[in-house]
Amino acid sequence: MKKPQFIDIHILQTVPPSNINRDDTGSPKTAYFGGVKRSRVSSQAWKKAARDLFPDFLDEANLGTRTKYAVRLIAKEATKLDAQIDEQEALESAKKSLKAYLKGNNEPKFEDKKIDPYKLKALLFISPYEVQELAKCVAGLQDVSKVKSAVKNKKSQESASKDTVDISLFGRMVATDPSLNVDASVQVAHAIGIGKMNPEFDYFTALDDCSPEDNAGAAMIETTEFTSSTMYRYATIDVLHLCKNLGSAAVACRGIEAFLKAFITSMPTGKQNSFANRTLPGAVVLQLRDTQPVSLVNAFEKPVEASYGKSQIEIGCERLAKQEEAIDKAFGTTPQKTFVITASPDAQSLPSAMGVEGACDLDAAIAQISQACAAYLAENGHQTEEVD
């Protein structure tokens, strides 16, 4: 039986007054953990923030689009292939082709004609390859069944271009035809505060620049809720699963590099203009494991409070290392390799506490992890071939 390979990402990050992920009432999202209310940022919010950074690290040809307007994307590509097709004809044919492509146990549903007959009712995560190949169907160059068969054939030499990196990382669900589903190779936890949440309200007013001089009152009076916290963030990558999703070891390693950079350095954009809360992690621990993914969140079941001259980051680092040591001793899940990146003076003791010689920078850690993954995949029959 092949041994798995997982990359665990542990992050401690202090976020100042902010409201980066709101609930339906506009308040910062929360969660109870260890019997105490914590600040929370949903996994979906941080995955979206990471996806937004992918174009900085990957060619957009390797990135999918999550949209209800797939018909219009296909029609636009079709008119590039055949300038004789008018816009309306392209839209009608693109809708027909997409319906045939997505049809399985059920047919995809579109909006009412009064709204937009070419707009899907559900979001579709679609790859550039699928858009281009379905556009060929619109132009009469091939049949939809050929596209569907090719996309499902993960053993094809061309499959690296068929499942884009972000779809292969985060997966997708096609309710009408589960055979088009892609199982995610990345799991992302909800980020939670390592200490007790203390929500606060900002009372603010706005003046009317054109109001009469004798009007001293405010034109608007509002409040907005915010909080600040040191958060524990966690994600894990299944290396072999990602490679199988993509059909290419080289593209998988490139995807791993992009995800690590994007996930670690990203920040959800909620209320950014009001709070300018852009921070980077104070401490990052990256681990290669061949047993199973291991979250260290239980290090913070008892909420952390800054005390005795120590910050939450400093105490959090101590807790993180002790939790790792306890889990390794109890379950034999010692990681194969650990990399520690520190960007806070209060995290300087973390490398030695985690059993590594010293801290390294992010690029160096990612490069070594990518090399280790390439070697692992080669051992399992997936050579890192050259790709454009």
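**Entry 1: I192.** I began with I192, which counts as buried because its relative accessibility is 10% (buried means under 20% relative accessible area, exposed over 50% and partly exposed in between, with a 1.4 Å probe and protein chains only). The model I am reading is predicted, so I note that local features need pLDDT of at least 70 and side-chain atom pairs count only at pLDDT 80 or more, while totals for chains, interfaces and linings use all residues. Residues are numbered from 1 along each chain as its sequence is written, and side-chain values use heavy atoms, with hydrogens and water left out.

I found I192 in strand β7, residues 191-193 (helices, H or I of at least four residues, and strands, E of at least two, are DSSP runs numbered from the N terminus). Setting aside neighbours within four places in sequence, I listed F33, R38, S39, R40, T230, M231, Y232 and V297 as the contacts of I192, where contact means heavy atoms within 4.5 Å. I also looked up N380, which is 188 residues from I192 in sequence and 36 Å from I192 in space, C-alpha to C-alpha.

**Entry 2: K322.** The C-alpha atom of K322 lies 7.7 Å from that of A299, although the two residues are 23 apart along the chain.

**Entry 3: nonpolar cores.** I looked up the largest nonpolar core, which has 52 residues, and saw that F259 and L286 touch the most other members (a nonpolar core is a set of buried Ala, Val, Leu, Ile, Met, Phe, Trp, Tyr and Cys residues joined through side-chain atoms within 4.5 Å). Helix α8, residues 249-265, gives this core its largest share, 11 residues. Apart from this core lies another, of 30 residues, including I85, L124, V144 and A150. For L286 I wrote down contacts beyond four places in sequence, among them D8, I9, L260, I264, F339 and I369.

**Entry 4: cavities.** I searched the whole structure and recorded 2 cavities of 30 Å³ or more. On a 1 Å grid over the protein atoms alone, a cavity is a set of points where a 1.4 Å probe fits but cannot get out, a pocket is an open set with protein on both sides within 12 Å along at least five of seven lines, and lining residues have an atom within 4 Å of a point. Grid points are joined across faces, edges and corners, and a volume is the space filled by probe spheres set on the points.

The largest cavity has a volume of about 100 Å³, and of its 15 lining residues S18, I20, S39, V41 and T227 lie nearest its centre. Strand β9 supplies the largest share of that lining, 4 residues, and by class the lining has 6 nonpolar, 7 polar and 2 charged residues (Ala, Val, Leu, Ile, Met, Phe, Trp, Tyr, Cys and Pro count as nonpolar, Asp, Glu, Lys and Arg as charged, and the others, Gly among them, as polar).

The second largest cavity holds about 30 Å³ of space, and its lining includes V41, W46, H190, R233 and F263. I noted that α1 (43-53) and β9 each supply at least two residues of this lining.

Entry 5: Of its 19 lining residues, E60, L63, G64, T65 and P128 are the closest to its centre, and the lining divides into 7 nonpolar, 4 polar and 8 charged residues.
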